[in-house]
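Please read the sequence and the model below before turning to the report.

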Amino acid sequence: MPHIVARGAVVLAMLVAATGCSGSDSRPAPSAARVLFDEVLAKSSPGQWRSTGTDVVEVWVCHVPTGSTAKEYGGLPLRLALAPSPLAGLFQQQVSRYFDRVSHGAYTPSFVAGGEVSLALSDGSKECVESALAQASATAHVVLAVADAEQAPPAPGGVGSGGTVTPVRTAVASTRRYAYVGGADFDRATWGDNPPMDLVEHELGHTLGWVHSGVSSAGDYLSALDVMSNSAAPRDVNPDRRDAPDVLALHRVLAGWIPAADVVVADGAVTATLAPGNGVDGMRLLVLPVDAAHFLTVEFVPNDGYNDHLPRAGVAVHRVSVADGAVVDIEPLMGDAPFTALLQPGDAQVFDGWTVQVGPGGQVTATATATPT
Ligand SMILES: [Zn+2]
C-alpha cells in the first residue's frame, strides 16, 4: 500500500475494492452510478465562471427606518452607522483573502462600493435586495446588501442566491446573483473594528451555487466542517476567529477548483491516493455510489488553516442528495453534531452499504458490503 508524506501532512493512501452489485444490493449498476456523478459535473460546469477569476461584488447598505414593521427586524431598535465604502474595504481585506486562499487563487471577489437604499416601513430583505439589484452598476457581477438593522430570530442572519446561470460572466442585472446579511455582525459596540466575516463568506458561497450541509430538520446549521453549515464554528472554539470553516471537497469540484480527473468514482475496483481535500493537487475526493439519487463523498480533512478549530484531522464522509443533476443536500455522517468525530486510523464504519476503513499509516479501504444500512 502506498504511503506518502507531502507538505508536512500525512497523505492518505486509499484502496477501493468495490465489488459492484450483488443480488441483495440495491445500488444501481456501476454505469448508472457513474452517470449520476457525471450529471452533477455536467450541471455544475456552465456556472463555474461564478467561482473562477474575479467577481465584482457591489456592496450596498439598506437603511431600515425607525419603527419598521417588517417582521424580520422584529421591532428591534438597533441601527448602525454603515456605509458601502468602508464595508467594501473591510470585505476586500478579509473576505477576498478567504476566497483567494480556499480556492488557491482560482477565485477572488473584488468588493466595490455600491449605494444606499432607504427602506419603507414595511420593507424587509426582499425589498432591500430588489432595490440594490435594480440600481446596481453594469460592471457588478454580484450584489451584497447589508442592512443597518439586525435580523430578529427566527429570521436567518442572511440569504444568498447563485442566480441565473448564463454562458459567460454577466452583469448582475441579468443573473440576479445576490447576498444579503443583517447588520448584527457590524455592531462596533460588540465587535469593535474587527467584525466576524463568516456570515458574509457563507452567503457569498450561495452566490457561487453552493448549497447547505448539516442542516437539522429544525433548520439549524450543525456541521463544523463546512462554510455552508455552521459558519461560526471556528469562533465557537476560538473567540478570536473571524472567518468561516474551509470548503468541502465536493464544493471545490462544483466550483471548478478540483478537476474531475482528481476525483475517484468507485464504479469498480480502483486504487487511489487521497490527498487532503483542501490541498492544491492530487486525488482529493472519493465518490461512492449509493443509488440513483445519492452518493457518498469521502475526503481527508486536515485540522489546520481555516479548519484549525477541528480537534483532529481525519476522514469525513458525507451523503449527497441529487435532483435533476443538481446537488440539493449534503449530510455529514460522522457521529453527532458538530460532526467532528472524523475517522481515524483503525476505525471502520458502514455507510449506506459501504464499509470505510482507515488502516495503519493512514491507509483507507472502502468496500461494498452485502447488507446496506
Ligand atoms: Zn445559507
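This is a predicted model: local features need pLDDT of at least 70, side-chain atom pairs count only at pLDDT 80 or more; totals for chains, interfaces and linings use all residues.

Residues are numbered from 1 along each chain as its sequence is written.

The chain holds 8 helices and 16 strands; these are DSSP runs numbered from the N terminus, helices being H or I with at least four residues and strands E with at least two. Of its 373 residues, 49% count as buried. A residue is buried if 20 or more other C-beta atoms, placed from the backbone, lie within 10 Å of its own, exposed if 12 or fewer, and partly exposed in between. Of the contacts between residues at least 6 apart in sequence, 64% join residues at least 24 apart; a contact has C-beta atoms, placed from the backbone, within 7 Å.

An open sheet is formed by 5 strands in the order E4-E3-E5-E7-E6, with mixed pairing. E4 and E6 are the edge strands, each pairing on one side only. Two strands pair if DSSP finds at least two bridges between them. E3 and E4 run parallel and are joined by 10 bridges.

H2 packs on this sheet, touching E3, E4 and E5, and its direction makes about 155 degrees with that of E4. H6 lies across E4, E5, E6 and E7, running at about 155 degrees to E7. Such angles run from 0 to 180 degrees between N-to-C directions, with axes fitted to C-alpha atoms, for helices over the stretch in contact.

H2 (residues 84-102) has 19 residues and spans 25 Å from first to last C-alpha, close to the 27 Å expected at 1.5 Å a residue; the expected value is 1.5 Å times one less than the number of residues. The helix H2 bends by about 40 degrees at Gln 92, the angle between axes fitted to the seven residues ending there and the seven starting there. Among the buried residues of H2 are Leu 87, Phe 91, Val 95 and Phe 99. Their cover includes E3, E4, E5 and H6.

| Pair | Separation in sequence | C-alpha distance |
|---|---|---|
| Asp 267 and Leu 288 | 21 residues | 7.8 Å |
| Thr 170 and Asp 55 | 115 residues | 9.9 Å |

Asp 267 lies between strands E8 and E9 and is buried, because 20 other C-beta atoms are within 10 Å. Thr 170 lies between E6 and H4 and is partly exposed, because 16 are within 10 Å.

Notes:
Two residues are in contact if their C-beta atoms, placed from the backbone, lie within 7 Å.
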